[in-house]
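Thanks, everyone. Have the structure open while I talk.

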Amino acid sequence: MKKRIVTIVGARPQFVKAATLSRLFQNSSILEEVLIHTGQHHDSNMSDIFFQELNIPKPSYFLDIQGGNHGKMTGRMLEAIEEVLLKEKPDAVLVYGDTNSTLAGSLAASKLHVPVIHIEAGLRSFNRSMPEEINRVLTDHVSDILLCPTKTAVSNLQNEGITKGVYHVGDVMYDATLFAIDSLEKRLDISEKFKWLPNDFSLLTVHRADSTDSIESFQKIMRFVHDFAKNNKTEIIFPVHPRTQKLIKNASYEFPKSIHSIDILSYFETHFLLRKAKHVLTDSGGLQKEAYFHRVPCVTLRSETEWVETIDAGWNRLWTEPYYREQKEITDYGSGNSAEKIIQLI
Ligand code: UD1
């Protein structure tokens with residue numbers, strides 16, 4: 001009988017990461033995957049489009065839980081996931097990253113004594129006011145197999161006394177990027193859709209709670225971006241996340257001339273723009289690395305990052321720092337076979 005792994009996803013970056021492993025699960029003779037989608041991201045351009053583009057199988061369970069405060073969202077997920085786990089009796093539960101879906105999944109599993117596998121373990125921003133930092137720390141402390149994308153992540157865990165079941169496997173987002181670059185060759189519709197793009201543009205994303213919980217924080221970022229655009233003679237393309245969209249609407253905010261807001265992008269569209277962008281400005285974690293994968297310099301619109309090697313290697317800088325360090329290559333993220341390594345370990 002095959003070993004049953006329940007995978008829990010809910011938010012955009014998790015769909016991308018899960019796609020790399022789902023392909024391998026489908027070909028495995030010893031493992032079977034049961035997919036739970038919590039519903040955290042539910043709009044079709046935040047969810048369905050990722051499943052379609054990345055050929056992710058339809059989830060066996062869609063819990064339809066979203067919105068509300070963190071406690072309510074996480075609590076409702078915890079209850080619903082527990083019910084599924086009791087029914088499916090999995091051999092392990094697989095969670096990705098640092099969202100509320102990650103925490104709910106890892107907590108539900110560990111309370112039922114089901115081993116937890118955490119992909120993207122060990123990352124730390126050391127900023128406990130970020131909901132993601134709480135989710136990461138708690139998930140790591142109930143996990144049995146901790147799969148780290150970087151060596152820094154391994155030592156972060158060591159510093160918290162976690163050494164058992166810890167492996168450095170590289171970054172599945174690099175595997176996903178290689179897949180996207182390959183797939184883009186066949187997507188002429190995307191180049192057609194974006195033929196209006198200016199020659200010199202930079203890609204902006206802003207969605208973190210810290211950046212969007214108040215209009216003042218958001219305006220501060222927009223002022224920085226506008227100055228950046230002027231100083232670098234670049235135009236800014238800004239696909240707007242639904243959270244940010246709400247803020248802009250409620251505050252009747254109007255963008256400065258240099259910033260062009262557009263609809264949220266699909267995964268392949270994001271890589272299409274990344275390939276052409278002169279700079280990336282972002283408060284997202286994933287995009288900092290994706291910028292590096294395309295060798296585009298990044299400015300992180302936060303006062304710290306968990307992806308410290310992008311800063312050390314001179315491809316990323318915090319917006320509070322004026323200069324980049326000397327550029328070099330990053331070896332930590334692996335060579336595009338992290339998903340295979342993970343399947344072997346499981
Ligand atoms: C979540 C993760 C964050 C991750 C991000 C990726 C947590 C705490 N945060 O942030 O770590 O970087 O996903 O995108 O889990 N909304 C919609 N439709 C959607 C999705 C969201 O309208 O399909 C709106 C809702 O108003 C929702 C708000 O956006 O309340 C925020 O969504 P939520 O999932 O709570 O957090 P994100 O900001 O997306």
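Start at Leu-203: its bridge partner in strand S9 is Ile-237. One more pair here: Ser-202 sits opposite Ile-236 of S9. Keep in mind that this is a predicted model.

Now the strands themselves. S8 covers residues 201–205, and S8 and S9 are joined in the parallel sense by three bridges. Next, S9 and S10, residues 259–262, also run parallel, with four bridges between S9 and S10. In that pairing, Phe-238 faces Ser-261 of S10.

Is S9 buried or exposed? Mostly covered: of the five residues in S9, 235–239, four are buried.

Zoom out. The sheet is open and has six strands, paired in parallel. Read the order as S10-S9-S8-S11-S12-S13. S10 and S13, residues 316–318, are the edges, each pairing on one side only. On average, neighbouring strands are turned by 25° against each other, ignoring direction.

Now the helices. H12, residues 267–276, packs on the sheet and touches S8, S9 and S11. The direction of H12 makes about 140° with that of S8. Then there is H10, residues 215–232. H10 lies across S8, S9, S10, S11, S12 and S13. Against S9, H10 runs at about 145°.

So much for the tour. To recap S9: parallel to S8 on three bridges, parallel to S10 on four.

Notes
Residues numbered from 1 in each chain as written. Predicted model: local features only at pLDDT ≥ 70, side-chain atom pairs only at ≥ 80, totals over all residues. Heavy atoms only, no water. Buried < 20%, exposed > 50% of the residue type's maximum accessible area, 1.4 Å probe, protein only. Helix = DSSP H or I, 4+ residues; strand = E, 2+ residues; numbered from the N terminus. Pairing = 2+ DSSP bridges. Axes fitted to C-alpha atoms, helices over the stretch in contact; angles between N-to-C directions. Contact = heavy atoms within 4.5 Å.
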